[in-house]
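Biologist: I'd like to learn how to read a model like this one. Could you take me through it feature by feature?

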Amino acid sequence: MNLLLLADATSTAEVVSKHAAAPPDYWSLLFVFAMATLLGLGVIVRVSRLLHTPLMSLTNAISGIAVIGSIIVAGREDYPFGIRILGVIALFASMTNVVSGFLITDRMLKMFKQPGGKGESQR
């Protein structure tokens, strides 16, 4: 009985090590990326104009998570060079999205300030 369990454990360890060393399926990853892009575009297009400021705040939070992930990917030396380049591109795109989101949100909030009121800064 113990011999059977030992043989089963050895074969399981071999199977796990073979699957851990398998390269990722890039076509599946590309398909998921394309579908997520199309689905996200479909959702964003249908959003009312009144909801763009709260949506932009949520997008900035999500892009902040992407910034952290892309910094990790771009900074690790054990990743292949091509993956690290994609990390740098993702970092640039995420930071562009965060900065432009804050600028657009600030511009939209300035539209709601009263002229000559408390909210406007005196220069």
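Biologist: Let's begin on the outside. Which residues form a nonpolar patch on the surface?

Modeller: Keep in mind that this is a predicted model. The patch consists of F31, V32, M35 and L38, and together they have about 440 Å² of accessible area.

Biologist: Zooming out, what elements does the protein have?

Modeller: There are 4 helices and 0 strands, so reading from the N terminus the order is α-α-α-α. Buried residues make up 11% of the 123 residues. The protein exposes about 10500 Å², with carbon and sulfur atoms supplying 73% of that area.

Biologist: What about contacts between residues at least 6 apart in sequence: what share join residues at least 24 apart?

Modeller: That share is 51% in this protein.

Biologist: Now the charges. How many salt bridges does a search of the whole structure find?

Modeller: First, the general idea: side chains of opposite charge can pair when their charged atoms come close. Here the search finds 2 salt bridges. One joins D78 and R76, with the closest N and O atoms 2.6 Å apart. The other joins K110 and D106, where the closest N and O atoms are 3.6 Å apart. That pair still counts because the cut-off is 4 Å.

Biologist: Where do K110 and D106 lie?

Modeller: Both are in helix 4, residues 81-110, and they are 4 residues apart, about one turn of the helix.

Biologist: Last one: why does D78 count as exposed, and why does R76 count as partly exposed?

Modeller: D78 counts as exposed because its relative accessibility is 54%, and exposed means over 50%. R76 has 36% relative accessibility, so R76 counts as partly exposed.

How values were computed. Residues are numbered from 1 along each chain as its sequence is written. This is a predicted model: local features need pLDDT of at least 70, side-chain atom pairs count only at pLDDT 80 or more; totals for chains, interfaces and linings use all residues. Side-chain values use heavy atoms; hydrogens and water are left out. Helices (H or I, at least four residues) and strands (E, at least two) are DSSP runs, numbered from the N terminus. Buried means under 20% relative accessible area, exposed over 50%, partly exposed in between (1.4 Å probe, protein chains only). Contact means heavy atoms within 4.5 Å. Accessible areas come from the Shrake-Rupley method with a 1.4 Å probe; for residues, only the protein chains shown count as cover. Patches are made of residues with over 30% relative accessible area and no salt bridge: like charges are joined within 9 Å, nonpolar side chains (Val, Leu, Ile, Met, Phe, Trp, Tyr) within 5 Å. A salt bridge is a side-chain nitrogen of Lys or Arg within 4 Å of a carboxyl oxygen of Asp or Glu.
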